[in-house]
Amino acid sequence: DITAKIADGPGVRAVIGEVVPVVELPDLGFLEPDRLTDVNIVAANVSARHYIEGARMSPPADVNHLAITLAHNDEVVMRGAATDAMGNQYEALRWLINRTLSTGYEIKKGQLFITGAMGAMTPGKPGKYVASYEGWGAIGFEVR
């Protein structure tokens, strides 16, 4: 359990039990997703309606070197990097932990924190998808 705010990166690394790649499936609720802005997303309370977890693993030496590709029907439609989320995965997690604690929520062992998008949001279209996490495996799913 985490009961106090974390001051720095080494403090964050000390509380990570496992890492897991995740594909978020947000509920945008917008007819024109190309016109989305950060302000619109927050104002509309957009959140992940569902998410798909990959294999859980022990934390690597540094997650900030991770690269990701998303393929739709075997064609790459997005490339991203771990540093797309606030420039640093550990800083993104530290911010999430501290923000969660500051709003009065408890953080219990085993809870999953999603640190942010790696690459651009990609609207789902019918077909088969594979999110490949360099050296971490892949998550396959289908949109119907």
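Select Thr115 and Gln89: their side chains make a polar contact with each other, at 2.4 Å. The model on screen is a predicted one. Thr115 sits in the loop between helix 3 and strand 5. Now show what surrounds Thr115. Leaving out residues up to four places away in sequence, Thr115 touches Ala85, Gln89, Ala92, Leu93 and Leu96.

Next, select helix 3, residues 89-102. Helix 3 has 14 residues and reaches 20 Å from its first C-alpha to its last, close to the 20 Å expected at 1.5 Å a residue. Look at the N-terminal end, where Asn88 caps the helix. A side-chain oxygen of Asn88 lies 2.7 Å from the backbone nitrogen of Tyr90. Then go just past the helix to Gly104, which takes a positive phi of about 95°.

How many of the 14 residues of helix 3 are buried? The count is 10 of the 14, so helix 3 is largely enclosed by the rest of the structure. Among the buried residues are Gln89, Arg94, Asn98 and Thr100, as well as Leu93 and Ile97.

Arg13 lies over the face of Tyr90, at 3.9 Å from the ring centre.

Now turn to the largest nonpolar core, which has 24 residues. In soluble globular proteins, nonpolar side chains tend to be buried together. Which members of this core touch the most other members? They are Ile97 and Tyr133. Strand 3 (67-72), helix 3, strand 5 and strand 6 are the elements that give two or more residues to the core. The largest share, four residues, comes from helix 3.

Select Tyr133 and show its contacts. Apart from neighbours within four places in sequence, Tyr133 is in contact with Pro21, Val22, Val23, Leu66, Ala67, Ile68, Met118 and Ile139.

Finish with the aromatic rings, of which the model has one pair. Select Tyr129 and Phe141: this pair is stacked, with 5.1 Å from centre to centre and 5° between the planes. Tyr129 lies in strand 5 (residues 127-133) and Phe141 in strand 6 (residues 137-143), so the pair ties together parts that are 12 residues apart in sequence.

Note on methods: Residues are numbered from 1 along each chain as its sequence is written. This is a predicted model: local features need pLDDT of at least 70, side-chain atom pairs count only at pLDDT 80 or more; totals for chains, interfaces and linings use all residues. Side-chain values use heavy atoms; hydrogens and water are left out. Rings of Phe, Tyr and Trp (its six-membered ring) pair if their centres lie within 6.5 Å; planes under 30 degrees apart count as stacked, over 60 as edge-to-face and the rest as tilted. A charge sits over a ring if NZ of Lys or CZ of Arg is within 6 Å of the ring centre and within 35 degrees of the ring normal. A nonpolar core is a set of buried Ala, Val, Leu, Ile, Met, Phe, Trp, Tyr and Cys residues joined through side-chain atoms within 4.5 Å. Buried means under 20% relative accessible area, exposed over 50%, partly exposed in between (1.4 Å probe, protein chains only). Contact means heavy atoms within 4.5 Å. A polar contact is a pair of N or O atoms within 3.5 Å; within protein, one must be able to donate a hydrogen and the other to accept it, and residues adjacent in sequence count only if both atoms are side-chain atoms. The expected span of a helix is 1.5 Å times one less than its number of residues.
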